[in-house]
Amino acid sequence: MDHKPIRIAVLKFAHETVTFLPSDTTIDDFTYPGSPAKGEALLTSEPNDYIGGFVKVAREFAGVELVGIESPLWSKRGTGSGWITNDTYEHFVGRMVAQLAAEGPFDGVYLSLHGAMGVRGVPRPEADIARRVRAVVGSKAFITGTFDPHGNEDEEYLRHADMAFTVKYFPHYDMHLQGERAARMLVRAIRGDYKPANVTVNVPIISPTVQQWTGASAWRDLVQLALTWEARAPDVYVNIFFGFPWCDGPDAGMTIQVQTNGKPELARKVADDIAQTAWRRREELLNAVTIYSVEKGVALARDAVAQGAKPVVLADYSDRSGYAIWLLAEIIKQELGKTLIATVADADVVAALLASGIKPGDAFDREIGGGVDESAGAPVRVTGTVLAVSQSQPGKAVEPWIVVGFGRGNVLLLSPVLVQAKELSTIRDRGVEPGDFDVIAIKSRVHFRRGFDDSGFAKTILLVEPEQPFLGTVRLEGLPYEFVELEKFYPYGAPSFP
């Protein structure tokens with residue numbers, strides 16, 4: 001069948017903002033070789049993720065033209081930065097909207113978003129982006145978007161956009177798949193084969209992200225219920241926004257979105273079923289995994305090694321800046337041996353060492369980490385030997401690392417920014433073999449499970465956080481919220497639902 005050619009604009013602006021961090025996110029954080037990106041550079045910027053899935057499927061349809069609108073890629077500080085300044089937001093969104101207007105008209109727009117962006121003075125940034133895009137492309141164009149499940153999204157985004165597709169798994173295995181879905185349904189909507197009908201239900205549950213591992217019940221069961229509904233009824237798509245409590249905004253908490261092909265009654269039925277299931281199982285959702293104090297976690301790691309249940313992964317769930325030294329300090333205090341610490345962040349120390357021409361074999365004697373805020377603690381002194389130095393890669397936003405040997409067979413990976421070691425390859429790429437260690441201490445909440453747990457590599461996994469209620473704490477009452485009213489959410493108040 002011949003179809004009229006269609007034009008689709010592709011835009012990206014994604015950031016998972018930890019609004020309690022003291023360092024604002026600025027234009028400079030999104031500006032580096034390759035970012036911003038436009039045209040084919042944007043369309044090929046993430047072949048294995050959302051945009052990659054979208055572009056692949058969109059180009060399988062005849063007569064579809066994709067236009068990459070100039071967009072910032074991920075911040076070079078990852079998620080280790082605070083509020084996006086209003087000037088930064090306006091700079092990039094303003095340029096996007098201007099190019100969108102100059103290169104139109106468009107039949108459709110794809111927005112690669114996150115859902116937990118925090119912008120000073122903009123309460124719901126993703127919804128605001130959709131609103132401003134709608135003002136340019138008009139009411140007849142269709143707008144779709146892809147999201148992380150750690151989004152804080154209420155019904156506002158879908159007041160301006162037509163569709164949303166959210167990752168279901170944590171770790172996020174299905175980003176490419178959701179991009180594929182967004183493309184397929186956008187083309188179908190433009191060609192009149194899909195008429196989006198959406199229902200949004202906000203569930204008054206707020207949870208720390210470490211509890212949201214979809215490998216554990218009851219999160220796994222919620223995902224399975226969503227998949228079951230998608231299998232039972234054609235053209236049904238379910239989004240479960242778990243929520244991101246480290247972004248202080250008015251749309252925090254859990255949200256269920258259901259999209260159907262012109263069947264709002266079905267969308268309501270599915271959304272209510274999933275929302276009520278979540279509410280019935282709210283206690284289980286908030287107790288999906290066990291968190292230990294740092295002191296207890298290190299002691300349990302020692303016991304596990306003695307019992308042969310190694311390697312052990314010690315995952316510091318709470319560190320949001322990457323600079324926290326609590327786990328490193330306890331490893332030194334308890335004299336744990338054959339331990340890999342991957343990583344502690346300290347941009348100033350890394351920069352100073354690289355500027356000095358440091359090389360393998362040099363002595364290392366420095367205070368590292370800590371200092372950026374109370375949650376990072378005081379710097380810790382490490383004395384040892386430099387084992388390797390890895391510089392940034394030209395033209396890529398890849399951070400340099402310094403590898404230091406110390407103590408009884410311990411190795412420290414020092415980086416300038418927060419690094420989540422999600423895969424074994426993250427460590428191996430720096431010339432360090434994870435299998436050589438009894439204990440691997442990392443800064444991660446759940447993403448590490450794809451490399452260390454799913455594969456069966458780790459025989460013992462222990463999640464830890466300091467006893468103080470710091471930035472990444474499971475005790476959300478310790479956070480200085482300005483916009484989130486905790487008493488409106490379970491388990492901090494007694495909200496009624498539905």
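The model is predicted, so local features need pLDDT of at least 70 and side-chain atom pairs count only at pLDDT 80 or more, while totals for chains, interfaces and linings use all residues. Residues are numbered from 1 along each chain as its sequence is written, and side-chain values use heavy atoms, with hydrogens and water left out.

**Strands 1 and 2**
- Strand 1 (residues 6-12) pairs with strand 2 in the parallel sense over five bridges, where pairing requires that DSSP finds at least two bridges between the strands, and strands (E, at least two residues) and helices (H or I, at least four) are DSSP runs numbered from the N terminus.
- Within this pairing, Val 10 stands opposite Gly 68 of strand 2.
- Because four of the five residues of strand 2 (residues 64-68) are buried, the strand is largely enclosed by the rest of the structure; buried means under 20% relative accessible area, exposed over 50% and partly exposed in between, with a 1.4 Å probe and protein chains only.

**Arg 430**
- Arg 430 lies in the loop between helix 13 (424-428) and strand 16 (439-442), and with a relative accessible area of 14% Arg 430 is buried.
- The side chains of Arg 430 and Ser 390 are joined by a polar contact of 2.6 Å, a term for a pair of N or O atoms within 3.5 Å of which, within protein, one must be able to donate a hydrogen and the other to accept it, residues adjacent in sequence counting only if both atoms are side-chain atoms.

**Second largest pocket**
- The lining of the second largest pocket comprises 23 residues, of which Trp 83, Val 119, Asp 248, Gly 249 and Phe 483 lie nearest its centre; a pocket is an open set of points on a 1 Å grid over the protein atoms alone, where a 1.4 Å probe fits, with protein on both sides within 12 Å along at least five of seven lines, and lining residues have an atom within 4 Å of a point.

**Aromatic pairs**
- The structure holds 16 aromatic pairs, in which ring centres of Phe, Tyr or Trp (its six-membered ring) lie within 6.5 Å, planes under 30 degrees apart counting as stacked, over 60 as edge-to-face and the rest as tilted.
- The rings of Phe 54 and Tyr 110 are stacked, because their centres are 4.0 Å apart and their planes stand at 5 degrees.
- This pair links distant parts of the chain, with Phe 54 in helix 2 (residues 50-58) and Tyr 110 in strand 3 (residues 108-112), 56 residues apart.
- Phe 54 is buried at a relative accessible area of 0%, and Tyr 110 is likewise buried at 0%.
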